[in-house]
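Here are my notes on the model you asked me to look over. I have kept them to a few numbered points that you can follow with the structure open.

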Amino acid sequence: MLLLVRDIGGIAILFIMPLLLLIVITLVQDSTFKTISDIKIPVLLVDNDNGEVSKKIIENLSESNSFQILQKSSEEEAKEAVFSGKYQLAIVIPENLSASLQKKVDQNVEGILSKFGLEEDTLAVEKETIPQKEVRLYFDPATQVSFKSSVKNGIDKMISKIETQSIYKAFQTELGEEDSEPIFDTENFIAFKEILPTKNNEEIIPNSAQHNVSAWTLFAIFFIIVPLSINLLKEKNQGTFVRLRTTPVSYATILGGKTIVYLSVCLVQFTLMLLVGIFLFPAIGLPGVDVSGKLPMLYTVALFSGLAAIGLGLLIGTVAKTQEQAAPFGATSVVILAALGGVWVPVFVMPKFMQFVSKISPMNWGLEAFYDVFLRNVGFAKILPEISLLLLFFLTTTAIAIIYNRRKNAV
Amino acid sequence: MIEINQLSKKYKGAEYFSVKDLNLKVEEGEIYGLLGPNGAGKTTLISMLTSLLKPTSGSFTINGLNFKENKNQLKQLIGIVPQEYALYPTLTAFENLAYFGSMYGIKGETLKKSIDEHLEIMGLSKFAHKKTATFSGGMKRRVNLIAGILHKPKVLFLDEPTVGVDVQSKNVIIDHLKLLNKQGTTIVYTSHHLNEAEFFCTHVAIIDRGVIIVKGIPSELIKTQNDANNLEDVFLVKTGKALRDHA
C-alpha cells in the first residue's frame with residue numbers, strides 16, 4: 001500500500017484518468033440518448049421539384065429539430081461540399097417529383113375505382129408509364145454507418161407518409177368529396193409505446209449517465225491490470241522479489257496482499273466515479289445517476305469485477321519477463337476485453353461468432369451485472385451467475401499465476 | 001552445518017556447467033569465503049543454497065534440513081544478502097526493514113526495537129526515515145545487510161556484500177558480520193576482495209569454472225603455495241591470468 005501511496009503521480013493517474021474518461025465519454029454520448037437534441041446538423045438540400053412534395057419534405061425536416069436546412073441550387077455544388085467533408089449530408093429532390101407522384105397516385109386510384117365500377121369513364125385507357133423517381137442522398141464518406149441508417153430510415157418514413165397522404169387525397173377527390181372535410185383519417189392507426197421498467201410505480205428512463213457509468217467504470221476497473229502487473233515486474237527488476245522468495249512467506253500470500261491493496265484501489269475508483277455521476281453530472285448539465293437502493297449490489301459487482309481484473313493483472317505480472325511486455329499486453333488486453341464485452345458495440349449486434357466469444361469475456365459478465373443493477377433493477381439472485389463467473393475467473397487466473405511461479409522457481 | 005554433495009547446475013542452453021559435482025562442508029560458526037573469477041559459479045552456488053535456483057543434480061542440507069521437505073523451516077533458518085540492493089526505493093530504510101522483517105513473522109515492538117538497534121550499529125539511525133532512493137551505495141549496502149539479518153538467521157549467505165562501497169562502509173559491514181559470527185551465525189560469502197577475505201574468513205574455497213580448485217584455511221593455503229605471499233597470489237596461481245569473459 002505504501003508503495004502506491006508514495007507514487008503520487010501514479011495515484012493521480014489511477015484515479016483522475018478514469019474520471020476524466022467517464023466525464024468526456026458521457027458528454028460526447030449524451031446527445032444520442034436525448035429525444036430532442038440540442039445540436040442541429042446542417043443539411044444541404046437541392047429542391048429541383050419546387051412542388052407540394054418537396055415543400056412537405058422541407059417542412060418535416062425543419063420540424064424534426066435535428067436538422068438545419070441549407071438550400072443549394074445545384075446538385076454538383078452540394079455533392080462537392082459533402083464529399084469534401086464540409087457537410088455530413090445532402091438531399092436532392094428530383095424534378096417533377098410532386099407532379100409525377102400525383103400522376104402515379106391518380107392512375108392507381110382510378111384503376112382501383114374502375115374495378116369497383118365507380119369510374120364514370122369505363123372505356124379502357126392505356127396506362128401511361130411513369131418513371132420511378134429517386135430522392136438522392138449524399139453522405140460525407142467519413143459519416144458513421146449508424147448515422148446514415150437512421151437518416152435513411154427517417155427520410156424513407158417521411159416519404160411513405162407523404163405518399164399515403166397523396167393516395168387518401170386522390171381517393172377523396174375521385175369520390176367528389178370536399179378537401180375541407182376529410183373522409184380518411186391519415187394518422188397512423190398502429191402506434192408504438194415503449195414500456196419502461198418501473199420502480200415504486202415510477203418509470204425508470206435509462207440515460208447516458210447510467211449507461212456510461214456502467215461501461216466506463218468497468219473499463220477503468222480493468223485498467224488496474226497495467227499498474228498491478230508493472231508493480232510485480234518492478235519487484236523482479238529491483239531484486240526485492242528475490243528477497244521475498246527467500247522468506248517463509250508463500251507466493252500466494254504475497255499475491256493475496258496485493259489483491260487486497262489493489263481491490264481497495266478499485267473500490268475507491270468506483271466510489272469516485274459514482275460520486276461524479278451523482279453530483280458532478282447534474283451540475284454540468286448531464287443526467288445524474290440514480291443509485292438509491294442499489295448501492296450494496298453495485299459495490300458487489302464492482303468488488304467481483306475488481307477481483308477478475310486483479311486476477312488477470314497478477315497472471316500477466318507473473319508470466320511477463322519485462323515491463324515492456326506487461327504494459328502493452330495489459331493495456332491491449334483491456335481494450336480487447338472491453339470490445340468483446342460490449343462496452344463499445346452492443347453484443348446483440350455482433351456477428352454470431354463474436355457473440356459467443358463475448359460470453360467468455362469477464363468484462364461482459366461485469367457489464368451485464370452492472371446493467372442488471374443500474375438499468376434492469378433486478379434482485380441479487382439475477383446477478384449471482386455473473387459475479388460467480390467473475391470470482392471463478394479471479395480464482396483461475398490467480399491459481400495459474402501461483403502454479404506457474406511454483407514450477408518456474410521449484411527447488 | 002552445510003553439507004553439499006555432488007551439486008551441479010547447468011542453465012538451459014548453456015554449453016558448460018556453472019557448478020559441477022561440487023562437494024563442500026561448512027561447519028557451524030565458520031566464515032566461509034567462496035572466491036573465484038567472474039563467472040566461476042559463486043552466485044549460482046549461493047542461489048541454489050538459498051532456494052532461488054533449482055540444481056540440475058546433487059543435493060545439500062543445511063542443519064540437516066533440505067528445501068524439498070523443510071522449506072519454511074529452512075527459510076526461517078537462513079538469511080540472504082543478495083548482490084542487488086533489493087530494496088524498495090520509494091520506501092524509507094525503516095519501512096523497507098519493517099516490511100522484510102514482518103515476512104519472518106517479527107512484529108510490533110520487537111520488530112521496531114530490532115530495526116532501531118541494527119540501524120544504530122550500521123550508523124544509519126538519522127536516515128531511518130529517509131527514502132532509500134536518496135541513499136549512497138554504501139548506505140544501501142548496509143540497509144541491504146540489515147534486511148537479511150533482522151530475523152537472526154543461523155546461516156547467513158552474502159553475495160558480494162562489500163562490492164562498490166567506500167572503505168568506511170566496508171569496515172562497518174565487516175565488523176558487524178564478525179560480531180554476528182561471534183554470536184553464533186555461520187557465514188557463507190562470496191567476494192572479489194581477496195585481502196578482505198584473507199583476514200575475514202576462517203575458511204575459503206577457490207572456485208573456477210564451477211569446480212572447487214582448492215579449499216582450506218587462508219593462512220595454510222598461502223603456506224602451501226610456493227612464492228605466495230597472500231591469498232591473491234594463491235588465487236592467480238590456481239585460476240591463471242587469462243580473462244574469463246563469456247556471454
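**Notes on helix packing, a strand and the chain contact**

1. Start in chain A, where A:Tyr251, A:Ala252 and A:Leu255 of α10(A) meet A:Thr398, A:Ala401, A:Ile402 and A:Asn405 of α15(A). Sorted by class, the residues of this contact come out as 5 nonpolar and 2 polar, with no charged ones. Bear in mind throughout that this is a predicted model.

2. Now the geometry of that pair. Two packed helices are described by the angle between their axes and the distance between the axes. Helix α10 (residues 251-283) of chain A packs against helix α15 (residues 380-408) of chain A at about 140 degrees, and the axes are 10 Å apart. Angles over 145 degrees would count as roughly antiparallel, so α10(A) and α15(A) are oblique to each other. The crossing of α10(A) past α15(A) is right-handed.

3. Helix α12 (residues 323-341) and helix α14 (residues 362-374), both of chain A, pack with their axes 7 Å apart and at an angle of about 55 degrees. That angle makes α12(A) oblique to α14(A). Here, too, the crossing is right-handed, with α12(A) passing α14(A).

4. Which residues of α12(A) and α14(A) meet? From α12(A) come A:Leu337, A:Ala338, A:Leu340 and A:Gly341, and from α14(A) come A:Pro362, A:Met363, A:Asn364 and A:Leu367. The class count for this contact is 6 nonpolar, 2 polar and no charged residues.

5. Over to chain B and a strand. In a regular strand the side chains alternate between the two faces of the sheet. Is each face of strand β5 (residues 78-81) of chain B covered or open? Both are covered: B:Ile78 and B:Ile80 are buried on one side, and B:Gly79 and B:Val81 are buried on the other.

6. The neighbour of β5(B) to check is strand β6 (residues 155-159) of chain B; the two pair in the parallel sense over 4 bridges.

7. Last, the contact between the chains. Chain B puts in 22 residues and chain A 17 residues. On the side of chain B that touches chain A, α2 (67-77) and α3 (93-102) of chain B each supply at least two residues. The biggest contributor to that side is α2(B), with 4 residues. By class, the chain B side splits into 13 nonpolar, 5 polar and 4 charged residues.

Key:
Residues are numbered from 1 along each chain as its sequence is written. Chains are lettered from A and ligands numbered from 1 in the order in which they are written. This is a predicted model: local features need pLDDT of at least 70, side-chain atom pairs count only at pLDDT 80 or more; totals for chains, interfaces and linings use all residues. A residue is buried if 20 or more other C-beta atoms lie within 10 Å of its own, exposed if 12 or fewer, and partly exposed in between; C-beta atoms are placed from the backbone. Two strands pair if DSSP finds at least two bridges between them. Two residues are in contact if their C-beta atoms, placed from the backbone, lie within 7 Å. Ala, Val, Leu, Ile, Met, Phe, Trp, Tyr, Cys and Pro count as nonpolar, Asp, Glu, Lys and Arg as charged, and the others, Gly among them, as polar. Axes are lines fitted to C-alpha atoms, for helices over the stretch in contact, and angles run from 0 to 180 degrees between N-to-C directions. Angles under 35 degrees count as roughly parallel, over 145 as roughly antiparallel, 65 to 115 as roughly perpendicular and the rest as oblique. A crossing is left-handed if the near helix is turned anticlockwise from the far one by less than a right angle, and right-handed if clockwise.
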